[in-house]
Each structure stands twice: as structure tokens, then as C-alpha cells.
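Here's a quick briefing to read with the model open beside you. Take a look at the picture first, then work through the points below.

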Amino acid sequence: MAQDTLKPAAKPRSTFPSLVAGIILGCLGLSWFAHRATHGVWNQIAQYATGRKLIISNQGPAVISSIQRLQRLETVSYSMDKIVESAKESDYLPDFLAGDRLLLVVHGQVLAGVDLGKLQTSNVSTTDHSVHVHLPDPEIFVVNLDNAGTHVYSRTTGLLVPEDANLETETRAKATEQIRQAALDGGILNKARDNAKATITTMLQGMGFQQITVD
């Protein structure tokens with residue numbers, strides 16, 4: 001009678017390498033999804049899946065530093081045209097004998113904004129998701145006369161006197177001040193303040209703050 005030949009039982013295959021491979025592939029897939037799900041409901045799903053949440057600590061100095069990098073924030077520009085008159089007259093003689101009169105057509109530009117270099121630590125307060133910023137007062141930075149658009153319209157000089165060489169220079173200085181005042185009367189500082197608030201608000205939103213007050 002033939003003897004039965006006994007074969008050793010096959011060893012069960014280990015599932016550990018497959019498990020490790022599955023974990024690695026799952027992590028790679030989650031990483032790929034989290035990097036691309038940056039908007040809307042997919043971003044919320046990615047945050048839930050990865051356990052991420054927004055945490056903003058008290059970072060007042062960091063906020064101040066970020067804002068101050070903008071330095072002098074020019075937020076509004078006014079272009080203006082004026083006709084400015086200057087004259088020198090005699091107390092005793094009529095203008096056609098001793099007067100000197102000049103009409104200057106002026107084109108100028110006024111730049112205004114907020115000097116963020118003046119922002120102090122006391123001007124910024126932050127909590128977890130909110131920030132309050134008190135901006136420095138808006139100011140006029142520059143008043144420029146455009147030489148290409150500024151010219152003498154007319155000049156009349158009396159018969160008994162020469163032209164005053166300084167009259168045009170004095171008229172330009174007068175025109176610069178008048179353009180500055182016209183910009184102030186036109187509300188340039190209010191516009192500069194509003195534009196600065198909008199710019200800083202947008203920047204703070206980009207930093208992750210949800211409740212923002214800028215005044």
C-alpha cells in the first residue's frame with residue numbers, strides 16, 4: 001500500500017506590506033486633494049478631512065509691521081486747472097504807466113494719502129479673528145505744477161516800468177497754494193481716508209481676519 005506523501009501547509013501571505021502601501025497611497029491622495037481644494041465646499045471638506053482650522057493668535061506687532069511696509073500710501077490724485085492772476089500796482093500812477101499784470105494758466109496735480117509710518121502699536125488691537133486699526137490722519141503729500149500744461153496766458157506791463165522778473169515765480173507759488181486749497185475744498189482728504197480704509201481692509205482680509213474695523 002502506497003504511503004501518502006504529506007505536503008507542508010502553505011504559509012498565509014502577510015497583509016502588512018499591502019496595508020502600508022494603502023496608507024501611503026491614501027496619504028498621497030489626501031495631500032493631492034488638500035492642495036487643490038482651496039475654494040468653496042471642497043475647501044471645507046479638505047479642512048474637515050485634514051483637521052485644519054484657522055487660528056489667529058494675538059499678532060498685533062506683525063499686523064503693524066505688514067501695514068507699515070506700505071509706507072506712504074498714496075490713495076487719491078486730483079488733476080486741476082486754474083487761471084491765476086498776479087499784479088503789481090502803483091499807489092500813484094495808473095496801470096498803463098506803472099502796472100505789471102500776469103495771467104497764468106495752470107495745470108496741477110495733488111497727491112494725498114496716509115503716512116503709515118506713523119502707525120503706532122496703540123493704533124492696532126487684535127483678537128482671535130478680529131482686528132481694529134486706527135489709521136493716522138490723511139494728508140496731502142505732493143502738489144505739483146505740470147510745466148507742460150502751465151503757461152503765461154497774457155502779460156501787460158506799464159510804459160514806465162520794466163517787467164518784474166520775479167512775478168511769474170511768485171504767481172506759480174500762488175497757484176500751487178490755490179490748487180492745494182481747491183483740492184482740500186473738494187474733499188481730497190475724505191477721499192484719501194476712504195481709499196486707505198478700503199486698501200487696508202482688503203490687506204487684512206488676505207491675512208485671514210474675519211472681523212475688521214478700520215477708522
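## A quick tour

Let's start with Y92, which sits in the loop between β1 (72–88) and α4 (95–98). Helices (H or I, at least four residues) and strands (E, at least two) are DSSP runs, numbered from the N terminus. Keep in mind that this is a predicted model: local features need pLDDT of at least 70, side-chain atom pairs count only at pLDDT 80 or more, and totals for chains, interfaces and linings use all residues. Residues are numbered from 1 along each chain as its sequence is written, and side-chain values use heavy atoms, with hydrogens and water left out.

**Confidence**

- The chain's average pLDDT (the predictor's confidence in each residue, from 0 to 100) is 77, and 71% of the residues score at least 70.
- Among the elements, strand β5 (residues 139–145) has the highest mean, at 91, while helix α2 (residues 40–50) has the lowest, at 57.

**Strands side by side**

- Two strands pair if DSSP finds at least two bridges between them.
- Strand β3 (residues 124–126) pairs with strand β4 (residues 130–133) in the antiparallel sense, over three bridges.

**Salt bridges**

- Side chains of opposite charge can pair when their charged atoms come close.
- The structure holds three salt bridges (a side-chain nitrogen of Lys or Arg within 4 Å of a carboxyl oxygen of Asp or Glu).
- E85 pairs with R101, their closest N and O atoms being 2.8 Å apart. This pair links distant parts of the chain, as E85 is in strand β1 and R101 in strand β2 (residues 100–115), 16 residues apart.
- K118 and E139 make another salt bridge, with closest N and O atoms 3.1 Å apart. K118 is in the loop between β2 and β3 and E139 in strand β5, so the pair ties together parts that are 21 residues apart in sequence.
- R172 forms a salt bridge with E168, at 3.4 Å between the closest N and O atoms. Because they are four residues apart in helix α5 (residues 167–185), R172 and E168 are separated by about one helical turn.

**Back to Y92**

- Is Y92 buried or exposed? Y92 counts as exposed because its relative accessibility is 75% (buried means under 20% relative accessible area, exposed over 50%, partly exposed in between, with a 1.4 Å probe and protein chains only).
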